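Hello,

I am passing this structure on to you. Please look it over first; some notes follow below.

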Amino acid sequence: MTYDHFFSASLARLHAEHRYRVFADIERIAGRFPHALWHSPDGPRPIVIWCSNDYLGMGQDPKVIGAMVETATRMGAGAGGTRNISGTHHPMVELEREIADLHGKEAALVFTSGYVSNQAGIATIAKLMPNCLILSDAWNHNSMIEGVRRAGVEKKIWRHNDVDHLEELLAAEILDRPKLIVFEALYSMDGDVAPVERICELAEHYGAMTYIDEVHSAGMYGRRGAGIAAREGVLHKIDVVEGTLAKAFGCLGGYIAANADIIDAVRSYAPGFIFTTALPPAVCAAATAAIRHLKSSQWERDRHQERAAQVKSVLNAAGLPVMPSETHIVPLLVGDPEKCKEASNLLLAEHGIYVQPINYPTVPRGTERLRITPTPYHDDGMIDALAQALLGVWGRVGLPLRHRALAAE
């Protein structure tokens with residue numbers, strides 16, 4: 001019996017639904033970001049990246065690169081194994097202290113990715129509380145959904161950012177039942193922000209724990225870059241903060257920060273931590289350098305917000321369908337998976353502009369979009385070139401523009 005037909009059929013379904021993903025072969029150039037090289041079928045071509053999650057360009061910062069190179073030269077390439085077997089290398093100890101200080105918590109625990117930190121963190125915390133109920137926002141990231149699923153406890157889904165619905169669900173439970181509210185600070189596909197203060201008030205009133213995902217906001221918002229909860233002045237009311245080192249901090253890895261007992265319990269019980277090789281010392285040193293820099297430097301955050309506002313202004317003035325966003329995320333609605341992919345291909349091949357299409361299941365069907373993420377290093381010329389290229393592509397693909405008068409309002 002052969003099995004290949006199962007896999008070829010599954011791939012054919014993706015092609016038929018216009019959901020098959022093609023990865024562009026990109027070579028980033030340190031010191032020149034967002035400029036990069038695309039290794040196209042016809043050879044290397046210069047491009048401008050408009051969809052990176054290295055939001056502040058810290059992946060190319062000399063302090064970050066310097067810390068990585070120095071530590072790799074001094075300590076070698078790898079961590080040597082899991083922390084249970086090989087011990088914890090000192091750059092990891094320093095990194096976890098830095099993260100805990102950033103979020104004003106007693107301790108922190110680093111995982112190999114933000115996905116794993118959510119998956120392992122949520123599941124372990126919920127499992128350790130008998131009869132726990134998880135209340136999860138309907139738009140939570142797949143990593144959070146997987147964490148909820150792996151917990152194996154009762155869950156209730158509350159409508160996205162609908163605190164009245166959340167309160168309704170909380171009020172239906174007995175006060176002393178363990179409850180864990182899991183939500184994102186900033187939802188990365190639409191760029192909207194959770195009502196963090198109100199969620200904290202409800203958690204306090206109904207005796208629930210709070211678990212906030214600051215993946216797209218840590219480093220970006222709040223005093224010293226601690227995130228949305230810090231900006232809103234309620235970080236002290238959050239029980240568990242989850243974040244990543246791979247976006248604003250420009251490196252790799254995920255983490256949770258909380259009181260010492262929560263962190264120690266997850267460290268002691270989470271399979272996703274116990275049985276996984278630790279991040280290399282050089283990566284940890286680089287991440288520590290990025291966090292330390294952004295704690296004291298406001299320039300990147302201020303410039304980033306100004307650039308995001310400029311992109312929205314220029315694209316709106318051009319009549320392009322910019323979806324409402326109060327943050328640095330700039331989504332352009334397409335609403336069709338085939339046209340979304342075609343638009344992305346044309347931007348790359350004909351204009352040297354790299355913006356990946358965002359299709360189902362990342363976003364609901366009918367809301368396919370191009371997700372644009374400006375950085376402090378996208379200048380006015382790049383922004384104007386982006387707008388002109390998008391207008392040309394919109395016409396080629398047959399996508400509608402918004403009424404220009406409406407766009408100016």
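**What was found**

Tyr3 sits in the segment that comes before helix H1 (4-16). Please keep in mind that the model is predicted. Tyr3 counts as partly exposed because its relative accessibility is 48%. Together with Met1, Phe6 and Phe7, Tyr3 forms a nonpolar patch on the surface, and the accessible area of these residues together is about 540 Å².

Next, the sheet. It is open and made of 7 strands, with mixed pairing, in the order S4-S12-S11-S10-S7-S5-S6. Strand S4 (107-111) and strand S6 (154-158) are the edge strands, each pairing on one side only. From one strand to the next, the twist averages 20°. Within this sheet, strand S11 (residues 240-244) and strand S12 (residues 254-258) run antiparallel and are joined by 4 bridges. Thr244 has Gly254 in S12 as its bridge partner.

Last, the cysteines. How many disulfides are there? The count is 0, where a disulfide needs two cysteine sulfur atoms within 2.5 Å. For Cys51, the closest cysteine sulfur is that of Cys340, at 11 Å, so the two are too far apart for a bond. Cys51 counts as buried because its relative accessibility is 16%. Cys251 is in no disulfide either: the nearest cysteine sulfur, in Cys284, is 9.3 Å away. With a relative accessibility of 17%, Cys251 also counts as buried, the cut-off for buried being under 20%.

Regards

How values were computed
Residues are numbered from 1 along each chain as its sequence is written. This is a predicted model: local features need pLDDT of at least 70, side-chain atom pairs count only at pLDDT 80 or more; totals for chains, interfaces and linings use all residues. Side-chain values use heavy atoms; hydrogens and water are left out. Buried means under 20% relative accessible area, exposed over 50%, partly exposed in between (1.4 Å probe, protein chains only). Patches are made of residues with over 30% relative accessible area and no salt bridge: like charges are joined within 9 Å, nonpolar side chains (Val, Leu, Ile, Met, Phe, Trp, Tyr) within 5 Å. Accessible areas come from the Shrake-Rupley method with a 1.4 Å probe; for residues, only the protein chains shown count as cover. A salt bridge is a side-chain nitrogen of Lys or Arg within 4 Å of a carboxyl oxygen of Asp or Glu. Helices (H or I, at least four residues) and strands (E, at least two) are DSSP runs, numbered from the N terminus. Two strands pair if DSSP finds at least two bridges between them. Axes are lines fitted to C-alpha atoms, for helices over the stretch in contact, and angles run from 0 to 180 degrees between N-to-C directions.
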